[in-house]
Amino acid sequence: MKTLYGIGAYLAKSQVEQNLRHLICFRVSQINSCAFCLDMHSKDLRAAGETEQRLYMLDAWREATVYTDRERAALAFAEGVTKAHVSDEVYAEATKQFTDEELVDLTLGIISINSFNRINIVFNTPSGSYQPGQYAAINN
């Protein structure tokens, strides 16, 4: 777990916006059906000012008009990494929206949340009681 927390500490200093990182974590957690991470990232997003509308529509982000081009590129890339297939088109769009360093950081974040999802699912981590910012000290 220390290794995964270390990735989180590194990403806390990333140029990829914190809300975008949480949005990606929320979307990947939807794909993986991780209740604990959905609880955590939805609460952290709301505490940071994210709207309920954007959270409710995230599962249908391709049809929703409330996400920026940068967010769309990150969401497509996150889905591709999670499902083990990033198309050339998705990769090309990601490279338009993110610097090389940001794209590496985004990839690390996606790998990290996929790992946390699987750990929480395997160990049946109880969900619902997370408090916003509860793990912030670990990432600093």
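1. Let me start with Glu79, which sits in helix α5, spanning residues 69-82. Please keep in mind that this is a predicted model. Glu79 has a relative accessible area of 4% and is therefore buried, the cut-off for that label being under 20%.

2. His41 is another residue to look at, and its place is in helix α3, residues 35-47. His41 counts as buried because its relative accessibility is 6%. Beyond neighbours within four places in sequence, His41 is in contact with His22, Cys25, Phe26, Ser29 and Ile113.

3. Now for the fold as a whole. The protein chain has seven helices and zero strands, so the pattern along the sequence reads α-α-α-α-α-α-α. Of contacts between residues at least 6 apart in sequence, 70% join residues at least 24 apart.

4. On overall dimensions, the radius of gyration is 14 Å, which agrees with the value near 14 Å for a compact globule of 140 residues. The C-alpha trace spans about 40 × 30 × 25 Å along its principal axes. Buried residues account for 43% of the 140 residues.

5. Finally, surface and charge. The accessible surface of the protein chain is about 7,700 Å², with 55% of it belonging to carbon and sulfur atoms. There are 13 positive and 17 negative side chains, and the centres of these two sets lie 5 Å apart.

Note on methods. Residues numbered from 1 in each chain as written. Predicted model: local features only at pLDDT ≥ 70, side-chain atom pairs only at ≥ 80, totals over all residues. Heavy atoms only, no water. Helix = DSSP H or I, 4+ residues; strand = E, 2+ residues; numbered from the N terminus. Buried < 20%, exposed > 50% of the residue type's maximum accessible area, 1.4 Å probe, protein only. Contact = heavy atoms within 4.5 Å. Rg over C-alpha atoms; globule rule 2.2 N^0.38 Å. Areas by Shrake-Rupley, 256 points an atom, 1.4 Å probe, with all protein chains shown as cover. Lys, Arg positive; Asp, Glu negative; His and termini not counted. Charge placed at Lys NZ, Arg CZ, Asp CG, Glu CD.
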